[in-house]
Amino acid sequence: MSILKVTSREAAYISVMAASIYIATSVAVPMPRPLGIWHFGDVITFITGILFGPVVALFASAIGPALFDVWNPLHGSAYIVYAPATLVIRGFMGWILGSLRGVLKGKPRSSEILAMAVAVTAKNTGYFLYDYCLYGPVAYLDLITFFPMDALYIIVTVPVLAALRRLLGTEYIIPIR
């Protein structure tokens with residue numbers, strides 16, 4: 001069994017990307033419970049998973065949104081009940097993104113879209129189960145609203161990733177191993 005080792009460079013990436021995800025999540029439109037909020041934090045989560053890989057994405061995707069749930073500039077601690085679930089669900093989402101970003105050999109863009117689709121499905125399932133425990137059957141509304149927003153996030157992410165790659169001059173900041 002190996003212990004997860006994070007380099008100082010990866011720790012710096014985690015910090016910057018967790019802060020970026022927190023900020024993107026803070027620009028939010030609140031919805032009635034249990035629908036949570038609509039935000040663009042998922043776009044930054046997608047970018048983090050695809051450009052940085054599973055380790056950076058796992059931690060940044062868990063920390064940024066969980067900090068938002070604990071306290072955010074618009075709503076204070078209104079979403080603190082979600083913090084434990086967010087830490088696990090969003091961390092797993094980031095790990096899936098980073099792990100699946102190169103799963104289809106020779107088809108990097110298809111792999112990335114597949115990774116995003118699998119990751120949001122896992123995220124939506126996790127939040128549905130959590131909301132069901134908190135609110136009961138009304139949690140089924142999650143499934144109606146989450147997937148259309150996630151489709152929009154994926155559509156937005158694809159050209160943003162292309163632009164970032166042109167600016168950075170590289171496909172991945174941390175290469176696929």
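Q: How many cavities of 30 Å³ or more does the structure hold?

A: Rolling a probe the size of a water molecule over the atoms shows where empty space is left. This is a predicted model, and it holds 1 cavity of 30 Å³ or more. About 310 Å³ of space lies in this largest cavity.

Q: Which residues lie nearest the centre of the largest cavity?

A: Its lining counts 23 residues, and nearest the centre are Gly 36, Ile 37, His 39, Arg 90 and Tyr 127.

Q: How many residues of the lining are nonpolar, polar and charged?

A: The lining of the largest cavity has 12 nonpolar residues, 5 polar ones and 6 charged ones.

Q: Now the packing. How many residues are in the largest nonpolar core, and which have the most contacts inside it?

A: A nonpolar core is a set of buried nonpolar residues joined through their side chains. The largest one here has 25 residues, and Phe 46, Phe 52, Met 93, Leu 97 and Met 116 have the most contacts inside it. Helices H1 (8-26), H2 (41-52), H3, H4, H5 and H6 each give two or more residues to this core. The largest share comes from H2, with 6 residues.

Q: What is Phe 46 in contact with, leaving aside its neighbours within four places in sequence?

A: With those neighbours set aside, Phe 46 is in contact with Met 93, Leu 97, Met 116, Val 120, Tyr 153, Ile 154 and Thr 157. There is also a second, separate core of 10 residues, which includes Tyr 79, Ala 85, Tyr 127 and Phe 146. Tyr 127 has already come up, as one of the residues nearest the centre of the largest cavity.

Q: What is the order of the elements from the N terminus on?

A: The order is α-β-β-α-α-α-α-α, made up of 6 helices and 2 strands.

Q: Why is the protein described as being as compact as a globular protein of its length?

A: The radius of gyration is 16 Å, close to the 16 Å that the globule rule gives for 177 residues, so the protein is as compact as a globular protein of that length. Its C-alpha trace spans about 45 × 35 × 30 Å along the principal axes.

Q: What share of the residues count as buried?

A: Of the 177 residues, 45% count as buried. As for contacts between residues at least 6 apart in sequence, 69% join residues at least 24 apart.

Conventions:
Residues are numbered from 1 along each chain as its sequence is written. This is a predicted model: local features need pLDDT of at least 70, side-chain atom pairs count only at pLDDT 80 or more; totals for chains, interfaces and linings use all residues. Side-chain values use heavy atoms; hydrogens and water are left out. On a 1 Å grid over the protein atoms alone, a cavity is a set of points where a 1.4 Å probe fits but cannot get out, and a pocket is an open set with protein on both sides within 12 Å along at least five of seven lines; lining residues have an atom within 4 Å of a point. Grid points are joined across faces, edges and corners, and a volume is the space filled by probe spheres set on the points. Ala, Val, Leu, Ile, Met, Phe, Trp, Tyr, Cys and Pro count as nonpolar, Asp, Glu, Lys and Arg as charged, and the others, Gly among them, as polar. A nonpolar core is a set of buried Ala, Val, Leu, Ile, Met, Phe, Trp, Tyr and Cys residues joined through side-chain atoms within 4.5 Å. Buried means under 20% relative accessible area, exposed over 50%, partly exposed in between (1.4 Å probe, protein chains only). Helices (H or I, at least four residues) and strands (E, at least two) are DSSP runs, numbered from the N terminus. Contact means heavy atoms within 4.5 Å. The radius of gyration is taken over C-alpha atoms; the globule rule is 2.2 Å times the number of residues to the power 0.38.
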